Amino acid sequence: MYYVLLLFFVLEYIRPGSYLPALNVLHLNSLIPAALALASFSSGQALAALHQRNIYLLFALLGLIGVSVLTADVTLYSFNVFTTVLGYAVMTFVLSALVDDARKMGGVLLTLVLVHIVVAALTPEMITNPESRHYVASGAFLGDGNDFALSVNIVLPFCLFLAASARHAIAKLFYLVAALFLVFCIVATQSRGGTVALACVAAYYWLKSGKKVMMGALIGVAVLLVFLLAPTSYFGRMNQMNTTEGSAKGRILAWQASMRMAADHPILGVGAGHFGVKYGVDYRPPSGERVPWQTAHSVYFLALGELGFPGLMLLMAVIATNLLANRRVGAAVRKRGGPSAIRDLSLLASLSASQIAFASGGAFLSVLYYPHLYVLAGLQSAARRVIEAQYQPDEAEPMA
């Protein structure tokens, strides 16, 4: 079932059906998660995930979305969101259950890195013609360049972990080259939110590093490469990163509308999947122009507008809980030491960096119903369980 899990990431991120429509008849994106969930629950392995606080919070968030099905104006919109998120929440359980050793964890992280490289390779114009912005060929939640840049930022720390833990020089070189390629992909999308997330990940690694001079030098080399290789259009977009630019003004209007939605519907919001409808009809800008199907342009404001203050608090609690739990586990690892301590700390750092990439880049994208939050929760739950399992039961202490 572990290899079927890896296949799930290939199908979910690359979306082969975008290139071979005949595959869509098989409904593999639905059948494989269902089979994985059935296998996990029937074996009893998934029950271990119930002891993780972030799982409780995720399912409380799912419950809020479920309530929208009963209270929102258009039931179908909320129901579609609910079924999508339910599938991702189930995969959180599956990840926590099936990824039960360091080898499997490394395999999942490598698969996530490779699928992003494949997605980039399947959109060669993004690399060959970086002066223009392009849609990503895989479609789905990676179709927009901004969304792809965020997803790449989330998996980029996995390259650094795999490079640090690789035993052979060739493997280390491969992962470092892959990391540089992914950085170039972020630059090629010309995503300003992606650049902010990349800067936050770099800052996190510098702050965590015990060798700040060396880490600063590596970051400096990466920045130099960006300046040398980035197209002029990239710098043009970065220079427009201000509140007077058209896209920024649109985001501010959407965020203001989200706050008005929450003020009118503080407990349940306007309903999952309803931001665009409500923005175009009841919460359009004061100037009065109709702008239907506008996105919230922020995971936080989407949660606030569609799920109310409880939704926003649950989202922030999931992020904070994972970061704090990783920190507690890391402190315990440093205290206990052992032959795997360096690898364990590197794994926790990479997952925390990924969570920071989501938290910072997601501030500018409506990614609440994408797989990132749920995949990261599953990976972090699994990582903490794998690390704890290396110690004797009588030595173990609750870490998360």
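Which residues in H1 meet which residues in H4? Before I answer, please keep in mind that what we have on the screen is a predicted model. On the H1 side the residues are Leu-5, Phe-8, Phe-9 and Glu-12, and they meet Tyr-88, Met-91, Val-94, Leu-95 and Leu-98 in H4. Sorted by class, the residues of this contact are 8 nonpolar and 1 charged, with no polar ones. As for the geometry, H1 covers residues 2-14 and H4 covers residues 75-98, and the two pack at an angle of about 145° with their axes 11 Å apart, in a crossing that is left-handed.

Let me turn to a second pair, H7 and H9, where H9 spans residues 192-208 and the axes come within 9 Å of each other, crossing at roughly 25°. Since angles under 35 degrees count as roughly parallel, H7 and H9 are therefore roughly parallel to each other, and their crossing is right-handed. In this contact Ala-149, Asn-153, Leu-156, Pro-157 and Leu-160 come from H7, while H9 brings Gly-194, Ala-197, Leu-198, Val-201 and Tyr-205; the classes here are 8 nonpolar, 2 polar and no charged.

Among the lining residues are Tyr-13, Leu-112, His-116, Ser-151, Phe-158 and His-372, and the lining as a whole has 8 nonpolar and 3 polar residues, with no charged ones.

Note on methods:
Residues numbered from 1 in each chain as written. Predicted model: local features only at pLDDT ≥ 70, side-chain atom pairs only at ≥ 80, totals over all residues. Heavy atoms only, no water. Axes fitted to C-alpha atoms, helices over the stretch in contact; angles between N-to-C directions. Helix = DSSP H or I, 4+ residues; strand = E, 2+ residues; numbered from the N terminus. Left-handed = near helix turned anticlockwise from the far one by under 90°. Contact = heavy atoms within 4.5 Å. Nonpolar A, V, L, I, M, F, W, Y, C, P; charged D, E, K, R; others polar. 1 Å grid on protein atoms, 1.4 Å probe; cavity = no way out; pocket = protein on both sides within 12 Å on 5 of 7 lines; lining within 4 Å. Parallel < 35°, antiparallel > 145°, perpendicular 65-115°, else oblique.
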